[in-house]
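Hello,

Here is the structure I promised to pass on to you. My notes on it follow just below.

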Amino acid sequence: MRWLPAIAFFSFLIWVIVAADSGAPNYFLQLAGSLPYGDKMGHVLLFGALALLLNFATKARQVALGPVRLYLGVVLTLGFALLEEGSQLLFPSRSFELLDILADLLGVALATVLTNGFYQLRTRYRRRRDALTQQHTDDEPSAG
């Protein structure tokens, strides 16, 4: 069940990409085009959200890439982003831009920060809850 949001969002993202590749009119693409830096903000939000959802779906599992450890969700998102950006070279309706890749990286970096923050807060909460539970158990008079 934890994979459902990531799969649903990935499906939405594929739909947006296919619409862009085919040159078909799309509300989301038109909205992004109407805003200053809307395309770049879209890259940050879409790939950041995908990375965040995949991080939670994988329970923040990490993989080692040489000396660096990254969330599996981040690695999957970056791989997909690079494939998608590179595929734009094959479609006349699309334009490859390095700034799009930088926007994708920014979104993934923000997702990493949010994932770290969430799991740190969760750990702190659980430790505090466990300490209070233990304190409550210690305060109870023993039967005997």
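A word on terms before the residues: buried means under 20% relative accessible area, exposed means over 50%, and partly exposed is in between (1.4 Å probe, protein chains only). This is a predicted model, in which local features need pLDDT of at least 70, side-chain atom pairs count only at pLDDT 80 or more, and totals for chains, interfaces and linings use all residues. Residues are numbered from 1 along each chain as its sequence is written, and side-chain values use heavy atoms, with hydrogens and water left out.

D100 counts as buried because its relative accessibility is 3%. You will find D100 in helix α5 (residues 98-139); helices here are DSSP runs of H or I with at least four residues, numbered from the N terminus. Apart from neighbours within four places in sequence, D100 is in contact (heavy atoms within 4.5 Å) with D39, K40, H43, E85, Q88 and S95.

A81 sits in helix α4 (residues 72-87) and is also buried, at 3% relative accessibility. With neighbours within four places in sequence set aside, A81 touches F47 and D104. A81 and D104 are 23 residues apart in sequence, while their C-alpha atoms are 6.9 Å apart in space.

On the surface, W15, Y27, F28, L31, L35, Y37 and M41 form a nonpolar patch, with about 790 Å² of accessible area together. Helix α2 (residues 27-34) gives the most to this patch, with 3 residues. W15 belongs to helix α1 (residues 4-22) and is partly exposed, because its relative accessible area is 46%. Accessible areas come from the Shrake-Rupley method with a 1.4 Å probe, and for residues only the protein chains shown count as cover.

Best wishes

How values were computed: Patch = residues over 30% accessible without salt bridge, like charges linked within 9 Å, V, L, I, M, F, W, Y side chains within 5 Å. Salt bridge = Lys/Arg side-chain N within 4 Å of Asp/Glu carboxyl O. Helix = DSSP H or I, 4+ residues; strand = E, 2+ residues; numbered from the N terminus.
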